[in-house]
Amino acid sequence: MTAQATAPAASAGAPHRPRRPIGAIALSVFTWLVGLVFVSPVLWLVLTAFKQENQAATDPPTLFFQPTLDRFAAVLGADFLPYLGNSMIATLASTLLVLVLGIPAAYALAVAPIKRTDDVLFFFISTKMLPVVAVVVPIYVAAAHLSMLDNVWTLVVLYTAMNLPIAVWMLRSFFLEVPKAIVEAARVEGAGLGRVLWSVMLPIMAPGIAATALICMIFAWNEFFFAVNLTAAQAATVPVFLTGFITSEGLFVAQLSAAVVMASLPIVVIGWTAQRQLVRGLSMGAVK
Amino acid sequence: MSTATAPAEKTSEKPTAPAARTGRGPRAAGWVRRAPLLPALVFMLVVTQLPFLATIFYSLRSWNLVRPDSQAWVGVANYLAVFTDRQFLAAVANTVLITAACVVVAMLLGIGLALLLDRSFWGRGVVRTLVITPFLILPVATALLWKHIMFEPVFGLIGFVLSPLGVDTYDWVSQSPIVSVVIALVWQWTPFMMLLVLAGLQSQDTDALEAGQVDGASKWQSFVWITLPHLRRYIELGVLLGSIYVVNTFDTIYMMTQGGPGTASSNLPFYIYQRTFLGFDIGQSAAMGVVVVVGTIIVAMLALRLIFRTFLNAQEATS
């Protein structure tokens, strides 16, 4: 962009204007300030995670201190790892299942539309509008009957259902971007639908599929309602671990911060990686 | 692209089964086309629609888990009880209040941030990455962060920042529970709105803006008359999608206020949760669930139409 903008100016022989007028610099500094203020609770949280408990609860707040990893060690000592394991199973397994079910479905809806394509798309997205409180009672009763309460695979099934509509819409929007000529060329050579999907489209789709998977992982990792209501000691996930901090006796803010940092870090990193696709996932493919 | 060509070579080597099957006539071809769709469709029907039908069934029965032998058909009695339940009506009001406040404020802040981030400046990528972070943190953790670190009456950061104004030891969470919840939610949802509006700004046709400048429009005029109308669809989409997500807020209430003090900050998901998992009243909880769905459908229909319109337009633009 900048190269394009400067080239004509140079050729026209215009007097060299200052590239950054003072107003623009002020606005940039202002933007930085606004961004930092907005994100300051996170920065403070990260700082607090490296404090001792008595440094975390002071008035006025402590800004300079000797950083320590004590509180992280304390969280790990408080049986954090089983929760982390459950979260990873629930997140990765449900995302895999979403892709296995979603890729063929999105392909069918994008490349070989059936008569009622719009109805099907409408149905998928309408399930996202169904409040979870409207289905949790029967799901709880059914899980109890099947002895599936406190079982991480119950969460896998539910998280798959939670993310599948988003994935189908998002993947469909990526499928629609695959040039039709490539698909037709393959079909002329005698490749069937399955072969076109597997050998021709999937390699082109790889970045889109990765983005979809990342979005699904974010939602699955952060899910709380089903996790807190359907699990107990065995299958509880990371968000459920954090309920231990709702009310605590004594000083616990530094340990809380360390727990929050560890619980959020994997998904924050994933979100940063997928930030260009985030808006597409959140709007279910409607906005690119 | 090199990865794309390698597997494609394999395609020509062996003709595949589905290709052979398509020869069997239009009916078979139709099923071949539908087959990839069916597993996902059946899965979604079983996991979402069956439970909802069961919810309707339960809502017509009296059933308390504490008294397992108490089941009976009661018709619409549960619904009558729901609509005369003051706490339910208060939860409805809280839900509307929290959702509307959160979505409107988050959208205004989101527009502001998006306008700032739409310019190119040094470190723009870093600032954008920082700004989306609140949306990525576990919502449960966000609630804890605001409750114990920001709003804490004695050591909290908000109290420290506001101490020059004399609001030093205000107990936000118990004195103004709804305001506290809304602030935490706004902080969490502003990045979502910002991303949508930013996508809108960046899809804007610069020709129109340049034409406006040539015609002597001021920056403010081109914003109001060219940029805002272009953003309208993105703003609508953000408001509607945001509403759908925020209406279902459970984690923030659960972690910050537990619906309290008393039932002051209880919203619908939290109240139904209480009636189901603490009150064990399956019949009434189910009836409330059905009422919530009917309410949601009305809002959702608008949202769905809009998403369809936006999506189909985007499609036309790309193809």
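Of the 173 residues in the largest nonpolar core, which touch the most other members? In this predicted model, the answer draws on both chains: Leu155(A), Val168(A), Leu144(B), Leu195(B) and Leu196(B). Helix H8 of chain A, spanning residues 152–175, supplies the largest share of this core. Its contribution is 17 residues.

Residues up to four places away in sequence were left out of the count. Leu144(B) then touches Leu242(A), Phe245(A), Leu256(A) and Val260(A) in chain A. In chain B, Leu144(B) touches Met255(B).

The contact between the two chains was considered next. Chain B gives 92 residues to this contact, and chain A gives 90. On the chain B side, helix H16 (residues 282–318) provides the largest share, with 16 residues. The residues on that side of chain B comprise 68 nonpolar, 19 polar and five charged.

Chain B has 319 residues, of which 39% are buried. Its secondary structure consists of 16 helices and two strands. Contacts within chain B were also sorted by separation in sequence. Among those between residues at least 6 apart, 69% join residues at least 24 apart.

Chain A is assigned two domains. Domain 1 covers residues 19–73, and domain 2 covers residues 75–282. The C-alpha centres of domain 1 and domain 2 of chain A are 32 Å apart. The two domains are in contact, with 13 residues taken from domain 1 of chain A and 12 from domain 2 of chain A. Three helices of chain A each give two or more residues to the domain 1 side: H2 (22–49), H3 (53–56) and H4 (70–77). H2(A) gives the most to this side, with four residues. By residue type, the domain 1 side divides into seven nonpolar, three polar and three charged.

The mean pLDDT of chain A is 84. A value of 70 or more is reached by 91% of its residues. Among the elements of chain A, helix H5 (residues 80–110) has the highest mean pLDDT, at 94. Helix H1 (residues 2–11) of chain A has the lowest, at 42. Over residues 1–15 of chain A, the pLDDT is below 50. Beyond near neighbours in sequence, that stretch has one contact in the model.

Technical notes: Residues are numbered from 1 along each chain as its sequence is written. Chains are lettered from A and ligands numbered from 1 in the order in which they are written. This is a predicted model: local features need pLDDT of at least 70, side-chain atom pairs count only at pLDDT 80 or more; totals for chains, interfaces and linings use all residues. pLDDT is the predictor's confidence in each residue, from 0 to 100. Two residues are in contact if their C-beta atoms, placed from the backbone, lie within 7 Å. Ala, Val, Leu, Ile, Met, Phe, Trp, Tyr, Cys and Pro count as nonpolar, Asp, Glu, Lys and Arg as charged, and the others, Gly among them, as polar. A nonpolar core is a set of buried Ala, Val, Leu, Ile, Met, Phe, Trp, Tyr and Cys residues joined through C-beta atoms within 7 Å. A residue is buried if 20 or more other C-beta atoms lie within 10 Å of its own, exposed if 12 or fewer, and partly exposed in between; C-beta atoms are placed from the backbone. Domain bounds come from an automatic or database domain assignment.
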